[in-house]
Amino acid sequence: MLKRKWIGEKNMYNIALIPGDGIGPEVIREGKKAIEAASKYYDVKINWKEFPFGAEHYLKTGELLPDSALKEIENMDAIYLGAVGDPRVKPGILEKEILLKIRFYFDQFINLRPVRLYQGVSSPLKEKTSKDIDFYVIRENTEDFYIGIGGRFESQNYQQKHILERGIFQTDIQINFDLDRKEEIGYQLGLITRTGTQRVIKYAFDFAKKKNLKNVSTVDKANVLSDMYGLWREIFRETAMQYPQIMTDYFYVDALTMLFVSHPEKFKVIVSPNMFGDIITDLGATIQGGIGMAAGANINPDSVSMFEPVHGSAPDLKNKSVANPLGTILAGAMMLDHLGERETASSIERAVAQILQEGKVKTRDLGGKSSTQLIGDEVVMKIFIQPNRCKL
Ligand code: ATP
């Protein structure tokens with residue numbers, strides 16, 4: 001639940017800032033700058049509370065993300081995150097103990113990723129324009145093959161008890177292999193629940209309705225993984241009946257990836273189970289001009305949501321001032337929109353669209369030479385000179 005406070009005429013929000021690792025602090029600095037510039041003109045006040053969590057803090061102190069910090073963040077309005085990940089730390093530790101811990105603690109069951117090709121940005125799909133690539137992927141964020149239940153063994157018999165704890169349910173899972181000979185086996189379990197699926201599909205339809213978008217597509221592999229995705233499809237069909245004004249399409253994931261490339265204009269809102277959502281959103285980031293452009297949000301409408309660029313810490317670019325901050329800046333706009341500050345968010349989106357269309361300043365990934373900071377400065381400048389802002 002949003003905890004908006006009013007101070008005089010202003011709406012005030014408390015935001016947890018986690019710059020993190022690699023290029024995280026560089027891109028977050030620019031995102032924060034853009035949010036502050038826009039907030040000035042729309043009577044919004046942001047109180048930032050910065051948290052040090054990430055590789056540097058872990059290597060120095062051994063601390064990853066203490067429960068006390070989660071408790072503190074519970075009373076805040078949103079989280080704005082750069083990236084976590086560092087070659088000095090074994091892969092998985094920071095991701096699991098910081099990112100996933102936040103996602104599960106706040107049960108952020110929606111991963112929202114806009115896929116938009118801005119004018120002035122070139123897509124590898126040379127014939128497609130900004131009119132053709134403009135849609136949203138809403139990915140389920142807590143279930144499917146990413147529940148973290150699996151194992152590996154080499155033997156004839158194997159027993160393992162797994163405990164699965166999630167926001168909406170918990171269960172013990174007993175695995176028992178009784179093979180006719182010794183074999184090496186790796187297994188991974190996927191599952192979806194009716195409650196978990198219903199809530200994300202309903203969110204997708206409500207989202208389409210709110211944005212006046214007339215189509216919601218679903219993606220799965222119900223022809224092969226028929227139990228799990230058969231349930232997904234059934235719930236999609238049931239939910240769609242409550243939204244007769246919205247058209248629907250059903251795609252198997254293999255067909256959908258082809259359409260992303262050949263006919264991206266077909267899509268408005270796509271709702272996807274966790275794993276396929278992970279894959280298709282990277283494809284989405286590529287057709288929208290690269291990972292540096294892509295923004296994402298981990299949302300629980302009734303708890304604390306987290307806004308971040310889609311890219312990771314990109315250690316190869318750290319401290320070189322070449323990282324593209326636009327994905328992070330756009331994630332900041334998504335955060336303001338989520339908080340109910342639509343106009344403030346729009347002013348940032350317009351500023352980004354303007355600098356991309358003009359094409360005078362671009363980072364290296366977009367074919368230019370401008371620094372991370374210069375892009376942030378230009379976004380701020382465009383926010384200040386927008387003709388339709390509230391106050392001069
Ligand atoms: P992590 O392990 O934290 O995910 P990674 O480097 O493996 O980090 P990403 O950070 O997502 O994965 O990026 C892959 C590559 O894409 C980077 O090495 C970098 O070259 C490029 N890249 C990522 N983000 C940006 C950005 N904001 N601007 C420009 N290039 C970027």
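Strand 4 (residues 78-83) is mostly tucked away in this predicted model, with six of its six residues buried (buried means under 20% relative accessible area, with a 1.4 Å probe and protein chains only). Strands and helices here are DSSP runs numbered from the N terminus, with at least two residues (E) for a strand and at least four (H or I) for a helix. Strand 4 pairs with strand 13 (residues 305-309) in the parallel sense, over three bridges; a pair needs at least two bridges found by DSSP. In this pairing, Ile79 sits opposite Met306 of strand 13.

As for ground rules, residues are counted from 1 along each chain as its sequence is written, and side-chain values use heavy atoms, leaving out hydrogens and water. Since the model is predicted, local features need pLDDT of at least 70 and side-chain atom pairs count only at pLDDT 80 or more, while totals for chains, interfaces and linings use all residues.

Next come the nonpolar cores, which are sets of buried Ala, Val, Leu, Ile, Met, Phe, Trp, Tyr and Cys residues joined through side-chain atoms within 4.5 Å. The largest has 86 residues, and Tyr80, Leu112 and Ile138 touch the most other members. A second, separate core of 22 residues includes Ile18, Ile79, Leu81 and Leu99.

Ile23 turns up in the loop between strand 2 (10-20) and helix 1 (24-41). Ile23 is buried, at a relative accessible area of 3%. Not counting residues up to four places away in sequence, Ile23 touches His311, Gly312, Ser313, Ala314, Leu317, Lys318 and Ala323, where contact means heavy atoms within 4.5 Å.

Then there are the pockets. A pocket is an open set of points on a 1 Å grid where a 1.4 Å probe fits, with protein on both sides within 12 Å along at least five of seven lines, and its lining residues have an atom within 4 Å of a point. The largest pocket holds about 1,000 Å³ of space. Of its 38 lining residues, Glu95, Lys96, Leu99, Leu100 and Arg103 are the closest to the centre. Helix 4 supplies the largest share of this lining, nine residues. The second largest pocket has a volume of about 650 Å³. Among the 27 residues lining the second largest pocket, Tyr136, Phe207, Lys211, Met334 and Asp337 are the closest to its centre.

Terms used:
Buried means under 20% relative accessible area, exposed over 50%, partly exposed in between (1.4 Å probe, protein chains only). Grid points are joined across faces, edges and corners, and a volume is the space filled by probe spheres set on the points.
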